[in-house]
Amino acid sequence: MQHSSQSRRPHPSGLLRLFFHRTTTLILSTAVLFLSADVLFCGDTSSNGRAPNIVLILIDDLGWADLGVYGNRFHETPNIDRMAREGMRFTDAYAACPVCSPTRASIVSGQYPAHVGVIDFIPGHWRPFEKLRVPSNRTQFLPLDVVTFAEALKPAGYTCGMIGKWHLGGRDYLPDKQGFDKTLVCGGGRHFGNGFTPRLEVDKKEYLSDVLTAEAEKFLTENRDRPFCLYLSHYAVHIPLQAVAQKIRKYEQKPKPAGGVNHPVYAAMVEHVDESVGRVLAKLDDLGLAENTVVFFFSDNGGLIQRFDGKGDVVTSNAPLRSEKGTVYEGGIREPFIVRWPGVVKPGSTCGVPVSSVDFYPTFLDIAGAKRPKGAVLDGESIIPLLKQTGTVARDAIYWHYPVYHHSTPAGAIRSGDWKLIEFFDDGRLELYNLREDIGETNNLAAAQPERAKQLREKLAQWRKSVDAAMPAANPYYEPARAQEWGVHPDRRRR
């Protein structure tokens with residue numbers, strides 16, 4: 001009986017087994033915790049547990065074929081090309097509209113432009129004597145009741161900055177009213193001597209994209225110790241054609257490849273934004289943030305070949321895509337899109353799944369582990385499965401609504417799989433293309449496949465109804481002889 005008390009003591013081997021049991025339990029519990037975090041944060045928190053930083057670099061009017069990595073043989077874009085080598089390049093990425101303000105609204109709101117009510121650039125194009133009287137924007141600003149991605153990221157601990165072109169309303173509708181903590185908005189109109197809100201004194205000889213990039217670098221430095229989201233929105237490569245003289249001379253002297261458009265000033269402007277990308281990436285490296293920062297590179301609409309009124313130089317070509325900015329042909333809506341995310345996105349990868357600018361907002365939420373705002377309507381889908389190459393997006397179509405005279409006539413479009421239908425509102429004609437076989441939209445199959453065309457047209461009409469899309473109407477002031485004349489938009493006159 002004397003050994004009974006000793007028998008209750010664990011044998012040394014029992015202690016060892018107990019240690020391993022408890023250690024194993026702890027490890028398994030920790031694994032479950034991390035797996036749960038993977039669901040919340042997509043498994044991409046840094047070693048210190050901080051959610052990834054987000055940087056969105058948006059270029060104005062940059063065409064799908066303007067970059068070296070997309071096949072351009074004249075423009076020099078080494079930094080953007082390197083970003084593609086280190087990340088994922090999308091071949092079928094789309095702006096939600098073929099002009100700036102609506103696409104910008106789609107990015108910030110996560111909704112299709114027709115849903116938000118901003119269907120044309122603010123304030124809009126106007127042909128007073130055309131066949132159709134086009135609808136105006138429902139509002140000439142992004143409504144303040146729209147919960148922006150900046151406002152949605154705040155509860156997740158993010159500091160958000162917006163630097164550059166806003167074009168979603170002035171005065172009471174600037175980004176500081178929409179959840180952005182640090183803002184610097186450029187007024188637009190030129191690339192030298194620009195004005196800013198809030199006021200910023202800069203040398204009038206300093207190029208605008210350099211000023212914006214310097215402010216972006218400051219934002220990154222000031223917020224290095226907290227999760228941040230930076231929206232750097234360039235005014236380049238939008239006209240007027242302006243660049244630093246030294247860069248222009250470089251391209252004037254550079255041998256021109258046969259074919260295409262090789263405009264020295266435009267090429268210099270493209271190089272300016274490429275240098276900006278390089279500086280942002282270098283600053284992330286210098287601050288030790290690159291490994292925990294997701295960088296998006298995108299354009300707000302297709303490349304502008306020439307001004308809508310036919311004035312000015314021909315500056316670029318979107319070939320092999322058809323047409324340009326201001327149309328729902330591929331040249332007006334298909335964009336260069338690159339995402340770099342070290343440790344998550346496979347370097348040098350390519351994605352051919354169609355994605356849209358409405359997808360950025362839900363993707364940002366997933367990256368940040370942020371909740372969808374209560375009552376928020378998001379038209380896009382998170383592209384995390386595409387970035388991780390673990391799946392695809394859960395939708396069967398992408399839509400466009402551009403009921404405006406610009407570089408084309410009022411129209412809407414739908415892409416479902418490889419098929420794209422365009423419906424023109426002035427005469428009801430349909431154009432149907434198989435984009436896999438005909439990226440240049442040269443072979444209209446609407447007559448050959450009437451049933452497919454009918455189904456897509458009906459689907460497009462149902463979508464328009466679901467988002468309350470404003471439609472053009474017969475114009476009582478229609479004068480065929482004056483139809484091509486441009487007028488001043490009524491909303492501009494009321495300003």
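Trainee: Which residues line the second largest cavity?

Mentor: First, a caution: this is a predicted model, in which local features need pLDDT of at least 70, side-chain atom pairs count only at pLDDT 80 or more, and totals for chains, interfaces and linings use all residues. Residues are numbered from 1 along each chain as its sequence is written, and side-chain values use heavy atoms, with hydrogens and water left out. On a 1 Å grid over the protein atoms alone, a cavity is a set of points where a 1.4 Å probe fits but cannot get out, and lining residues have an atom within 4 Å of a point. Here the second largest cavity is lined by Asp-120, Pro-123, Gly-124, His-125, Val-134, Pro-135, Ser-136, Asn-137 and His-489.

Trainee: What volume does the second largest cavity have?

Mentor: A volume is the space filled by probe spheres set on the grid points, which are joined across faces, edges and corners. For the second largest cavity that comes to about 30 Å³. The whole structure has 2 cavities of 30 Å³ or more, and the largest cavity holds about 40 Å³.

Trainee: Which residues line the largest cavity, and how many of them are nonpolar, polar and charged?

Mentor: Ala, Val, Leu, Ile, Met, Phe, Trp, Tyr, Cys and Pro count as nonpolar, Asp, Glu, Lys and Arg as charged, and the others, Gly among them, as polar. The lining consists of Asp-61, Val-237, His-238, Ile-239, Leu-241, Tyr-266, Leu-304 and Val-315. That gives 6 nonpolar, 1 polar and 1 charged residues. For the second largest cavity, the counts are 3 nonpolar, 5 polar and 1 charged.

Trainee: Is Leu-304 buried or exposed?

Mentor: Buried means under 20% relative accessible area, exposed over 50%, and partly exposed in between, using a 1.4 Å probe and protein chains only. Leu-304 counts as buried because its relative accessibility is 8%. Leu-304 sits in the loop between β8 (293-299) and α10 (330-333); helices (H or I, at least four residues) and strands (E, at least two) are DSSP runs, numbered from the N terminus.

Trainee: How is a pocket read, and what is the volume of the largest pocket?

Mentor: A pocket is an open set of points with protein on both sides within 12 Å along at least five of seven lines. The largest pocket has a volume of about 1,200 Å³. It is lined by 45 residues, and the closest to its centre are Phe-121, Ile-122, Pro-123, His-167 and Arg-492. Its lining has 20 nonpolar, 16 polar and 9 charged residues.

Trainee: What is the nearest side chain of opposite charge to Asp-274?

Mentor: Lys and Arg count as positive and Asp and Glu as negative, while His and the chain ends are not counted. A salt bridge is a side-chain nitrogen of Lys or Arg within 4 Å of a carboxyl oxygen of Asp or Glu. Asp-274 is buried yet has no salt bridge; the nearest side chain of opposite charge is Arg-82, 8.4 Å away. Asp-274 belongs to helix α9 (residues 264-286).
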